[in-house]
Amino acid sequence: MSEWMTEWESDGPVRIAVEKSDIAGQAMRRVQCGSGEGAVVVCTHGERVLLVRQHRPAVGCATWELPRGSSESFDEGDLVATALRELREETGIVCANGELAGVIYPDTGVLTTRVGVVSACADCADPSDETDGEVDEARWVDQTQLAQMIRGGELADAMTLAALRLAGL
């Protein structure tokens with residue numbers, strides 16, 4: 001068997017599927033979540049970067065991370081639009097434009113998800129729009145604070161760490 005076959009699929013509002021394939025005689029599985037596409041935004045204002053803190057049930061705690069969300073397609077324009085939308089919805093920060101910095105795969109061993117990393121510069125550090133209430137807190141941090149959060153384990157989200165590095169921070 002060289003094709004992926006659906007072994008299990010959710011019937012909820014977001015499609016989650018476990019697929020199985022026999023590759024070189026070894027049974028392999030992968031997980032597809034939603035569209036399988038997403039975007040994360042590295043938003044800066046001067047020398048500071050914007051982080052959000054929210055509870056993540058999968059790991060049982062609140063984590064500091066970059067704003068992110070699902071995208072309907074992997075088109076560059078859609079990824080930038082998704083990133084800027086998530087930034088506005090989660091933090092109230094509005095950015096007129098962003099640029100695709102690159103692509104990351106959060107977990108190549110299990111997930112099919114591809115994530116576009118978008119860099120954006122905020123004209124204003126203060127929220128100018130309502131938020132959706134999804135995050136508990138948003139915080140601007142400078143390079144020193146960012147390094148301290150990483151070294152101290154306060155910022156340990158792998159997608160955020162990869163996106164920050166890809167964006168040159």
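Which residues does D157 touch, not counting residues up to four places away in sequence? Point 2 has the reply.

1. **Ground rules.** This is a predicted model, in which local features need pLDDT of at least 70, side-chain atom pairs count only at pLDDT 80 or more, and totals for chains, interfaces and linings use all residues. Residues are numbered from 1 along each chain as its sequence is written, and side-chain values use heavy atoms, with hydrogens and water left out.

2. **D157 and its contacts.** D157 touches W64, E65 and R68, leaving aside residues up to four places away in sequence. Contact means heavy atoms within 4.5 Å. D157 sits in the loop between α2 (143-151) and α3 (158-166). Helices (H or I, at least four residues) and strands (E, at least two) are DSSP runs, numbered from the N terminus.

3. **D157, buried or exposed?** D157 is buried, because its relative accessible area is 16%. The classes are buried (under 20% relative accessible area), exposed (over 50%) and partly exposed (in between), with a 1.4 Å probe and protein chains only. The D157 side chain also makes a polar contact of 2.6 Å with the side chain of T160. A polar contact is a pair of N or O atoms within 3.5 Å; within protein, one must be able to donate a hydrogen and the other to accept it, and residues adjacent in sequence count only if both atoms are side-chain atoms.

4. **The largest pocket.** Its volume is about 860 Å³. Among the 32 lining residues, R56, R68, L111, T113 and M159 are the closest to the centre. Two or more lining residues come from each of β4 (37-45), β6 (61-65), β7 (68-70) and α3. On a 1 Å grid over the protein atoms alone, a pocket is an open set of points where a 1.4 Å probe fits, with protein on both sides within 12 Å along at least five of seven lines; lining residues have an atom within 4 Å of a point. Grid points are joined across faces, edges and corners, and the volume is the space filled by probe spheres set on the points.

5. **What lines the pocket.** The lining has 15 nonpolar, nine polar and eight charged residues. Ala, Val, Leu, Ile, Met, Phe, Trp, Tyr, Cys and Pro count as nonpolar; Asp, Glu, Lys and Arg as charged; the others, Gly among them, as polar.

6. A salt bridge is a side-chain nitrogen of Lys or Arg within 4 Å of a carboxyl oxygen of Asp or Glu. By this rule there are 12. R29 and E7 form one at 2.7 Å, N to O. R29 is in strand β3 (residues 26-33) and E7 in strand β1 (residues 5-9), 22 residues apart. R29 is partly exposed at 42%, and E7 is partly exposed at 40%. E19 and R30 form another, at 2.6 Å. It links β2 (residues 16-23) to β3, 11 residues apart. Here E19 is buried at 7%, whereas R30 is partly exposed at 24%.

7. **A longer link.** D136 and R53 meet in a salt bridge of 3.8 Å. D136 lies in the loop between β9 (114-121) and β10 (137-141) and R53 in strand β5 (residues 48-56), so the pair ties together parts 83 residues apart in sequence. R53, D136, E137 and R139 are linked in a salt-bridge network.

8. **The ends of α2.** D142 caps the N-terminal end, with a side-chain oxygen 3.1 Å from the backbone nitrogen of T144. Just after α2, G153 takes a positive phi of about 80°.
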